[in-house]
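Please read the points below with the model open beside you.

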Amino acid sequence: MLIVSDDPLLSLDLEMSLNAQGYSTQFTGYSGVSSAIQAGHGRFSGVILDIHKPEAVCEHLASGLKVAQLPIIVLSTFDRDTVPWLPCGTAWYMKPLNVDDLDTGAFRPAKKDEASEA
């Protein structure tokens, strides 16, 4: 699971929750999304995108996420309409939230032998 966030506490909370559900995780900031997706091609079950500033999610970033064809969960204090170019089917969760309440059913947990160290 690729976690895109500049918030280290949220990232750690997500990592612990997802690992408990059988997912392996990797973190990146917004600037590293494209290279992380290319390097991990086929390895990620999905993307969790923490949007703390709508302008941080530019059309180029959203385009890269569409090309990767991965399920996306967005965490944000903003309405979905603030980032209109995210792919259809993107799940949107409003902050504050309990990360254990995220529905990761669209994601396929990585098998333990496929998991790599984050």
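1. Helix α1 covers residues 8-20, and its 13 residues at 1.5 Å a residue should span 18 Å; the end C-alpha atoms are 18 Å apart, so the two agree. The expected span is 1.5 Å times one less than the number of residues. Helices (H or I, at least four residues) and strands (E, at least two) are DSSP runs, numbered from the N terminus.

2. This is a predicted model, in which local features need pLDDT of at least 70 and side-chain atom pairs pLDDT 80 or more, while totals for chains, interfaces and linings use all residues. Residues are numbered from 1 along each chain as its sequence is written, and side-chain values use heavy atoms, without hydrogens and water.

3. L10, S11, L14, S17 and L18 of α1 are buried (under 20% relative accessible area; exposed is over 50%, partly exposed in between; 1.4 Å probe, protein chains only). These residues cover an arc of only 135° around the axis, so they lie on the same side of α1. The arc is taken from the directions from the helix axis to the C-beta atoms. P8, L9, M16 and A20, on the other side of α1, are exposed.

4. Just after α1, G22 has a positive phi of about 95°.

5. The whole structure has 1 salt bridge (a side-chain nitrogen of Lys or Arg within 4 Å of a carboxyl oxygen of Asp or Glu). D50 pairs with K95, with the closest N and O atoms 2.5 Å apart. D50 is in strand β3 and K95 in the segment after β5, so the pair ties together parts 45 residues apart in sequence.
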